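Student: Can we go through this structure together? I'd like to start with whatever surrounds the ligand.

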Amino acid sequence: MSPDRKIAIRRLTTDDYDAIRDIWVRSGLTSLRLKGRDAPGEFARQMESGCQIALGAELDGKLVGVVLATHDGRKGWINRLAVDPEYRRRGIAKALIAEAERVLREEKGMRIIAALIEADNEPSLELFQSVGYHLSRDIYYLSKRENPDV
Ligand SMILES: CC(C)(COP(=O)(O)OP(=O)(O)OC[C@H]1O[C@@H](n2cnc3c(N)ncnc32)[C@H](O)[C@@H]1OP(=O)(O)O)[C@@H](O)C(=O)NCCC(=O)NCCS
């Protein structure tokens with residue numbers, strides 16, 4: 001990427017949903033639930049809740065990366081981070097994480113920020129550790145679902 005092509009990070013809204021979904025799909029996010037919590041209506045409800053901030057990375061006005069910064073009142077969470085396959089290894093995910101952390105810390109008062117990453121997602125495990133996240137090898141993720149799509 002030439003030095004004059006700067007990444008701009010901006011807040012996204014429900015109006016950006018289609019572009020966000022396109023990046024999620026193109027990125028091959030395995031946890032994506034387009035009939036469940038990532039459906040347009042669910043996304044709108046989450047944005048309305050005040051517990052979720054959507055951030056986008058733009059290059060020359062084109063959305064190339066997204067992340068959802070959420071909090072549950074106790075912890076901040078980095079969710080649904082994805083970068084368009086054509087624009088990887090340029091520091092875009094790093095920039096999105098940095099801005100998500102800033103927002104969660106400064107605006108929401110979160111002092112711990114966490115991410116759930118599938119055990120075989122090596123790029124993502126490398127990425128988070130490269131920006132200071134501690135990998136816990138002794139925690140299991142348990143969940144209870146209304147149905148497999150949620
Ligand atoms: C994981 C992902 C978001 C990384 O996006 P990215 O913009 O390419 O990441 P960055 O350029 O900011 O990478 C920063 C650092 O992370 C690590 N990293 C990123 N991708 C990596 C890969 N494929 N293999 C090993 N390390 C990797 C490196 O340490 C890298 O620094 P370097 O390029 O100087 O070596 C992207 O690969 C993606 O969208 N994957 C599919 C969706 C996904 O799995 N999202 C995460 C869900 S938890």
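**Around the ligand**

Tutor: The shell around the ligand divides into 10 nonpolar, five polar and five charged residues. Here Ala, Val, Leu, Ile, Met, Phe, Trp, Tyr, Cys and Pro count as nonpolar, Asp, Glu, Lys and Arg as charged, and the others, Gly among them, as polar. This is a predicted model: local features need pLDDT of at least 70, side-chain atom pairs count only at pLDDT 80 or more, and totals for chains, interfaces and linings use all residues. Residues are numbered from 1 along each chain as its sequence is written, and side-chain values use heavy atoms, with hydrogens and water left out.

Student: Which residues are the closest to the ligand?

Tutor: Leu81, Val83, Arg89, Gly91 and Asn121.

Student: Which element gives the largest share of the shell?

Tutor: α4, with five residues. Helices (H or I, at least four residues) and strands (E, at least two) are DSSP runs, numbered from the N terminus.

Student: What about Leu81 and the ligand?

Tutor: A polar backbone atom of Leu81 is 2.7 Å from a ligand nitrogen. For Gly91, a polar backbone atom is 2.8 Å from a ligand oxygen.

Student: New topic. Is His71 buried or exposed?

Tutor: Buried, with a relative accessible area of 16%. Buried means under 20%, exposed over 50%, partly exposed in between (1.4 Å probe, protein chains only).

Student: Where is His71 found?

Tutor: In strand β3. The His71 side chain reaches the backbone nitrogen of Gly73 at 3.0 Å.

Terms used
A polar contact is a pair of N or O atoms within 3.5 Å; within protein, one must be able to donate a hydrogen and the other to accept it, and residues adjacent in sequence count only if both atoms are side-chain atoms. A residue is near a molecule or strand if one of its heavy atoms lies within 4 Å of it.
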